[in-house]
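Open the model in your viewer and keep the sequence panel beside it. The stops below can be selected one after another.

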Amino acid sequence: MIVSTFAQLAQAAYQALFGSLASLVTLLTAHGAAAPRPSVFGSVSETGVQFALAIFAPVFFLLGLVFSGAVYHVCLTIFGGANRSFNQTLRALSYASATHVLAFVPIVGPLLGGLWAMALHVVGLARVHRTTYAKSAVAVLAPTLLLCACSVAL
């Protein structure tokens with residue numbers, strides 16, 4: 001939770017200093033005097049939202065942890081891999097959340113952290129629930145694939 005809060009603060013500071021990635025790219029690739037010059041410091045509303053998220057990051061982290069834990073535990077139950085309690089699922093997900101430290105790396109950090117977290121979820125849930133990696137992987141990937149399928153359908 002502490003790492004997640006500091007990562008959110010770092011993202012807010014990065015947003016405040018450099019604005020959105022699109023603004024930064026536009027600034028770096030703009031040619032001539034007629035080209036629009038976005039503010040390097042981003043808008044006040046974006047920065048304010050980022051800092052508000054940083055303040056409430058511990059609450060959002062806990063809510064997200066419990067919600068994702070419930071989803072993964074239900075998926076493990078559906079696929080026959082839930083051999084331990086919900087508390088053990090939460091424990092595995094809590095350890096895997098250490099990947100939030102990669103959010104300090106601008107642009108690619110959250111992507112790499114997310115991929116690493118998924119791998120740690122698979123390994124952690126398989127070990128904690130004493131089930132196969134295949135069942136654990138299906139339980140972790142099923143919600144993501146379901147959301148992707150719903151998005152494509154829309």
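Predicted model: local features only at pLDDT ≥ 70, side-chain atom pairs only at ≥ 80, totals over all residues.

In which helix is Ser136 found? Select Ser136: the residue sits in helix H7. Ser136 has a relative accessibility of 0% and counts as buried. Leaving out residues up to four places away in sequence, Ser136 touches Leu76, His121, Val122, Leu125 and Ala126.

**Whole chain**

Zoom out and colour by secondary structure. The chain has 154 residues, and 30% of them count as buried. Among contacts between residues at least 6 apart in sequence, 62% join residues at least 24 apart.

**Nonpolar core**

Next, select Leu65, Tyr72, Leu125 and Val140. In the largest nonpolar core, which has 13 residues, these four touch the most other members. Two or more residues of this core come from each of H4, helix H5 (86-96), H6 and helix H7 (133-153). H4 gives the most, with five residues.

Stay on Val140 and display its contacts. With neighbours within four places in sequence left aside, Val140 is in contact with Tyr72, Met118, His121, Val122 and Leu125. His121, Val122 and Leu125 were also among the residues that Ser136 touches.

**Helix H5**

Which residues of H5 are buried? Select Gln88, Thr89, Leu90, Ala92, Leu93 and Ala96, which are buried in this helix.

**Largest pocket**

Switch to a surface view. The largest pocket holds about 470 Å³ of space. To find its centre, select Ser97, Thr99, His100, Ala117 and His121, the closest to that point of the 21 residues in the lining. Helix H1 (2-18), helix H4 (57-78) and helix H6 (109-128) are the elements that give two or more residues to the lining. By residue type, the lining divides into ten nonpolar, eleven polar and no charged.

**Second largest pocket**

Where is the centre of the second largest pocket, in terms of the residues nearest to it? Select Gln11, Tyr14, Ala103, Pro106 and Ile107, which lie nearest its centre among the 13 lining residues. This pocket has a volume of about 210 Å³. H1 gives the most to the lining, with five residues. The lining residues comprise eight nonpolar, five polar and no charged.

**Cysteines**

Finish by selecting the cysteines. How many disulfides does the structure hold? The count is zero. Cys148 is in no disulfide, and the nearest cysteine sulfur, that of Cys150, lies 9.4 Å away; a disulfide would need the two sulfur atoms within 2.5 Å. Is Cys75 buried or exposed? Cys75 is buried, since its relative accessible area is 11% and the cut-off for buried is under 20%. Cys148, at 43% relative accessibility, counts as partly exposed.

Methods:
Residues numbered from 1 in each chain as written. Heavy atoms only, no water. 1 Å grid on protein atoms, 1.4 Å probe; cavity = no way out; pocket = protein on both sides within 12 Å on 5 of 7 lines; lining within 4 Å. Points joined across faces, edges and corners; volume = space filled by probe spheres on them. Helix = DSSP H or I, 4+ residues; strand = E, 2+ residues; numbered from the N terminus. Nonpolar A, V, L, I, M, F, W, Y, C, P; charged D, E, K, R; others polar. Core = buried A, V, L, I, M, F, W, Y, C linked by side-chain atoms within 4.5 Å. Buried < 20%, exposed > 50% of the residue type's maximum accessible area, 1.4 Å probe, protein only. Contact = heavy atoms within 4.5 Å.
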